[in-house]
Amino acid sequence: MKAETDHRWVVPERGNRAAMALAIWLAKRLGWRRLRVLLWPITFYFFLCHARARRASRIYLSRILRERAGNRLVVRHFHSFAQAVLDRLFFLMAPQTMPAVRCTGREVFLRAMERGQGCLLLGAHIGSFEALRALGRDHAITLKMVMYRSNLGGATQVLEALDPSYQNSIIPIGQPDTMLRVAESLQQGHVIGMLGDRSPATGRTVTVPFLGKAITLPEGPYRLALATGAPILLVCATRGADGAYAVRVRRRKIWDYGWCEITEGLAHLIMMFRRHAADEASVVSGW
């Protein structure tokens, strides 16, 4: 099947350089506790001005809660996203400013690394991938992220400039040497992080049910594991009520994978998405 761009996943990011530069300036002078007060006016601005995001949030929450989500829950959802962006700023500024990170399944991660083949961390657009980078730093492990970069806006570019080493940890999707760089990194024993819940291309995907609808998930991570022999770990890093991030790591065996095992692995990933989507909804509705 010919791969075509799925435009739902490549919408340009909002935000601008000046606003992010101001946020960084304030963060360095005010700190996290004082700066978080500004999240509410920012939240209300995006809620009032961006109908498309407001509609998408309402649909998402309504499917999880199985009842129509009101404006209060949608605003809380927007605030959760704003909080994740603020936390990312402090993750990138310096190690001493990072939010606390707790890990469940750390031993699973370390055992996978003992093989010397590297490993694949498969996550989703839930929580913070910066928390996973912090986990790699704790164990002096090189973590590289395979990411779609063509839709990044100026705000993200200013934010990522906080960490001079950040660009070296990214492998952009869609480049001629993308898979070569991934394979070389695995051969060197590095960890490769990938998000397995969406794909900018419509080719080589599997259709699975999720929250009452059919969605497509990329086969790429599983085909990569087949080709390299690297183990796959399912990961998720979500923010708790105390501001700390809980990293959860689970092993997904994929030795001698065939098509049935690939689809089974996707089903396990879907179950993880469902569980954390429900957790997110309970936090939002509980505020």
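Trp40 is partly exposed, because its relative accessibility is 29%, and partly exposed here lies between buried, under 20% relative accessible area, and exposed, over 50%, with a 1.4 Å probe and protein chains only. Phe44, at 41% relative accessibility, is also partly exposed.

This is a predicted model, where local features need pLDDT of at least 70, side-chain atom pairs count only at pLDDT 80 or more, and totals for chains, interfaces and linings use all residues. Residues are numbered from 1 along each chain as its sequence is written, and side-chain values use heavy atoms, leaving out hydrogens and water.

The whole structure has four aromatic pairs. One of them is Trp40 with Phe44, tilted, at 6.1 Å centre to centre and 35° between the planes. For the terms, rings of Phe, Tyr and Trp (its six-membered ring) pair if their centres lie within 6.5 Å; planes under 30 degrees apart are stacked, over 60 edge-to-face, and the rest tilted. Trp40 and Phe44 are about one helical turn apart, because they are four residues apart in helix H2 (residues 39–49). Helices are DSSP runs (H or I, at least four residues), and strands are too (E, at least two), numbered from the N terminus.

Next, the charged end of Arg54 sits over the ring of Phe47, 5.5 Å from its centre. That requires NZ of Lys or CZ of Arg within 6 Å of the ring centre and within 35 degrees of the ring normal.

Last, helix H5 (residues 106–113). Its buried residues are Val108, Phe109, Ala112 and Met113. They are on the same side of H5 because they cover an arc of only 135° around the axis, taken from the directions from the helix axis to the C-beta atoms.
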